[in-house]
Amino acid sequence: MEHKDNWIDDVMSSGERINRVPVPASLMERLNAIPSEIKATYDRIPKRTLWLAAASIGLLIALNLFSALSSSADEKSNAQSEFADTYFSHSKFL
Amino acid sequence: MGSKLHPLEDKDFIKLVRKNKDQAFQHLVSSYSERVYNTCIQMLRNREDTEDLVQEVFTSIYLSIDSFEGKSKLSTWIHSIALNKSREFIRNKTRQKRSGIHTTLERDDSHIVPIRTIDFYHPGVQLEDQERAKILFDAIDQLADQQRQAYLLNKVEGYSYAETAELLETSVSSVESLLFRAKKRLKELLSDYYEKNK
């Protein structure tokens, strides 16, 4: 029992003996190169492709808006004609 | 390794970001890379993975540097990015390993036998402590997320209770409670390991 407790204490204290480690020089180089690498990635995408993508998104939004507006207008006119039908059929019945 | 700059006050850092983003980033790399590297290596214990992860963390920092508004401390913001990226990395790695042969996870009712990783690497562990540290880290991996973070920050990385509380965005009393439960659970896991292996 005592041996087990000592072993557990020993294992747990091994974590407190861990030294802080410096960053490897090769990694520091990679980190310092991040801004230029990101800029290079953006530069690799042709401007024409970016404009085409933007235009496609714009077109999609416009089509969606158009479709949403026209369907709400249809619903409105349907509701109006439904009301008129009910009204006139009721007065015909009278 | 690059020379270390004197850490900037958070408000001065925000000003620097607006003035010169790249310079602000170089400042972060110089001031925080060692801290991030040590946090990541405690989580992964694998050299290549740690280097890839640290690069990923700093890429993420560079891409979101403009969004830092000083609502939390800069060190807390960086630490939370490092933690989130580490979790994401471990999740992906675990998913890959489940279909591979690198780890075994055996469940025995209430106790989980520590995962045995083949590729344990930690440059900060002294040679004579390698085996013990490996067992300890395997047990630490079994702790609940918050307990593990608190234990690693306080017991392994050596942050004070107050610093640990700040990095975890919680109170000192919560950290004390997390550490108490973490130590209790670790003792249970190690006792279980001892019974089965010694």
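Predicted model: local features only at pLDDT ≥ 70, side-chain atom pairs only at ≥ 80, totals over all residues.
The size of an interface is often given as the accessible area lost when the parts come together. Here, the area buried between chain B and chain A is about 3600 Å², and carbon and sulfur atoms give 62% of that area. The contact involves 46 residues of chain B and 32 residues of chain A.

Between chain B and chain A, 13 residue pairs are in polar contact, counting pairs with both residues at pLDDT 80 or more. On the chain B side, two or more residues each come from helices H2 (21-44), H3 (47-64), H5, H6 (145-156) and H8 (172-197). H2(B) gives the largest share of this side, ten residues. Sorted by class, the side of chain B that touches chain A holds 22 nonpolar, ten polar and 14 charged residues. Seven salt bridges are found across the interface. For a reader looking for an example in the structure, the side chains of Asp22(B) and Lys39(A) form a salt bridge, at 2.3 Å from N to O.

Helix H1 of chain A (residues 2-14) packs on helix H5 of chain B (residues 130-140) at an angle of about 85°, and their axes lie 8 Å apart. H1(A) and H5(B) are therefore roughly perpendicular to each other. From H1(A), the contact uses Trp7(A), Asp10(A), Val11(A), Met12(A) and Ser14(A), while H5(B) brings Arg132(B), Ala133(B), Ile135(B) and Leu136(B). This contact of H1(A) with H5(B) comprises six nonpolar, one polar and two charged residues.

Methods
Residues numbered from 1 in each chain as written. Chains lettered and ligands numbered in written order. Heavy atoms only, no water. Axes fitted to C-alpha atoms, helices over the stretch in contact; angles between N-to-C directions. Helix = DSSP H or I, 4+ residues; strand = E, 2+ residues; numbered from the N terminus. Parallel < 35°, antiparallel > 145°, perpendicular 65-115°, else oblique. Contact = heavy atoms within 4.5 Å. Nonpolar A, V, L, I, M, F, W, Y, C, P; charged D, E, K, R; others polar. Buried area = accessible area lost by both parts, 1.4 Å probe. Salt bridge = Lys/Arg side-chain N within 4 Å of Asp/Glu carboxyl O. Polar contact = N/O pair within 3.5 Å; in protein donor to acceptor, adjacent residues only side chain to side chain.
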